[in-house]
Amino acid sequence: MSPAAEPARAPASVEDRFEYVLRLGDTSLIAAQRLGALLGHGPALEEDLALGNIALDLLGQARLLLALAGRIEGRGRDEDALAFLRDAGQFRNMALAEQPDGDFAETIVRQCLLDAWRLETYESLAGSQDRELADIAEKALKECRYHWRFSAGWLVRLGDGTAESHARTCAALEKLWRFTDELLSADALDARMAVCGIGPAPALIRERWETRVSAALAEAKLERPAHRHYPWHGKRGVHTEHLGHLLAEMQFLPRAYPGVSW
Amino acid sequence: MYTQALDAPQPPSAPTDERERLERFQARIDADEKIEPKDWMPEAYRQTLIRQIAQHAHSEIVGMLPEGNWITRAPSLRRKSVLIAKVQDEGGHGMYLYSAAETLGVARGELVAQLLIGRAKYSSIFNYPTLTWADIGTIGWLVDGAAIMNQIPLCRCSYGPYARAMVRICKEESFHQRQGYEIMLTLAGGSAEQRAMAQDALNRWWWPSLMMFGPSDTDSKHTAQSMRWKIKRFTNDELRQRFIDATVPQAEYLGLMVPDPELRWDETTGHYVHGPIDWSEFHAVLKGDGPCNRERLAARRAAHEAGRWVREAAAAYAEKQAASARDAQAG
């Protein structure tokens, strides 16, 4: 099943590898930025600490991935140049990651849908032909398993908790579900990365994601929303209005005081 | 509600066995024995500890807010990561401290409720705003530095659970202090704008940091009894002096000016002499009239209120699980 088991194929282009690693790195970075904003404002101290942990893990993944993207690109951009000095249109994160924290149900639904995708993707990437990417994925996997346990655990408690928590979680699912189209629809780059043995087979990710998420929704007594075609994909640089605001805040210091170290 | 009247001596009419118990308790303290949760202790000792540990726990939790204010704007990914870890550590400290307080027979929920209705105190320093990135460095350097001065002696506090919690907390705090100083070193060695940012932060945080040690010994309500009980090992003024002596050379190394025109080195005592502290500001901030008192409490209340339905959902789910486990057992 893993790409590594396949025979060696034509190498991917530098541009493809760069774009692909950016998709992964940016998705983790933007998700970490959202969760970081919640620290100190969670529903209970234990949840505050858990969300802080997850933010730290995601930020750690983002740093490794962006540093790798910079090396692949070979133009001297490091993790900070990539994080702080690109505008929204150059970001390649999944649009789901940039959606606001909302109430705790929205935070959990967003995390859960992304965590399932990340877990399956990294599981597969651990066997990637790109050794550096495979090493990062392997390290991230342990974290991703914990993230999924946390978010799916809360999805179940909220879905099967009180009438209010159930209603809020349904509303969050309804609001965010359209962004799962992007997680599961492979574009030409995803397909090329799979063919050259770097990225996972898109059909495999879709199937495993569906199984994982459906089981969690069933346990949470939540209806799966109807599929909606949503072709505006962050991974191709087409974002929602939220990303610009997020970046304006995140990038403020390096933009206001260019060229200094911090 | 835990303060005042605690320093009152035991009434002379206390029954003999009560007096004997008090003497035995004091003898254990004098022999540097640790008092453990199940041991007998005077009610005033218990209440003093609850008050102090709860204030400390609340300070950690409220302290997450001013620093958390810069997580989304940290200027590099490494700094962001260190700051998230630091704010998370503060939350962890709050958690151990609430647990230490619980060993004295008070529930965390009760202590948090006191904070939310504005009855419990927390360190006045967290009622000051974090206006620039240099404030994050300064808080690590000065505020965590002052906290360490205060807290290292608490590792030898007579109450076992508090002393043990403090050992771990102090290790993490000294790590935070070094991280803060490292931010200051980078800024002080940076551009003119960065140096100005660092100086401005020192100007704003210096005096509030000195106030963190509490009122001068002549005005401190709790010091004498707390020293006898070895809850406190040094007076407020002693600790403040130590902090100043350690910190002034660090400011000099950074090339920053301590904002006290009267500050001078006294050859004969081997200590710095500082100018007068504006205690009216300290008391105003303590009373609720600091720059951010309202915002800090409002943020804690908002998180608590917004989390209510979440906590209810978790409780309802746990109850359903327990009920089905009972049914399965019965069936």
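At what angle do helix H6 of chain A and helix H7 of chain A pack, and how far apart are their axes? The answer is about 125°, with the axes 7 Å apart. Welcome to this predicted model, in which local features need pLDDT of at least 70 and side-chain atom pairs count only at pLDDT 80 or more, while totals for chains, interfaces and linings use all residues. Residues are numbered from 1 along each chain as its sequence is written, chains are lettered from A and ligands numbered from 1 in the order in which they are written, and side-chain values use heavy atoms, with hydrogens and water left out.

**A helix pair in chain A**

- H6(A) covers residues 131–159 and H7(A) covers residues 163–176; helices here are DSSP runs (H or I, at least four residues), numbered from the N terminus.
- Their angle makes H6(A) oblique to H7(A), a word for angles that are not under 35 degrees (roughly parallel), over 145 (roughly antiparallel) or 65 to 115 (roughly perpendicular).
- Axes are lines fitted to C-alpha atoms over the stretch in contact, and angles run from 0 to 180 degrees between N-to-C directions.
- On the H6(A) side, the contact (heavy atoms within 4.5 Å) is made by A:Leu155, A:Arg157, A:Leu158 and A:Gly159, and on the H7(A) side by A:Ser165, A:His166 and A:Thr169.

**Where chain B meets chain A**

- Here 45 residues of chain B touch 47 residues of chain A.
- The buried area is about 4000 Å², with 69% from carbon and sulfur atoms; this is the accessible area (1.4 Å probe) lost on putting the two parts together, summed over both.
- Across the interface, 13 residue pairs are in polar contact, both residues at pLDDT 80 or more; such a contact is a pair of N or O atoms within 3.5 Å, where within protein one must be able to donate a hydrogen and the other to accept it, and residues adjacent in sequence count only if both atoms are side-chain atoms.
- H3(B) gives the most to chain B's side, with 14 residues.

**Salt bridges**

- The structure holds 46 salt bridges over all chains, each a side-chain nitrogen of Lys or Arg within 4 Å of a carboxyl oxygen of Asp or Glu.
- Between chain B and chain A the count is two.
- A:Asp160 pairs with B:Lys320, the closest N and O atoms being 3.0 Å apart.
- B:Arg108 pairs with A:Glu46 at 2.8 Å between the closest N and O atoms, linking H4(B) to H2(A).

**A spot within chain B**

- B:Gln199 lies in helix H7 of chain B, and its side chain reaches the backbone oxygen of B:Met257 at 2.8 Å.

Conventions
Helices (H or I, at least four residues) and strands (E, at least two) are DSSP runs, numbered from the N terminus.
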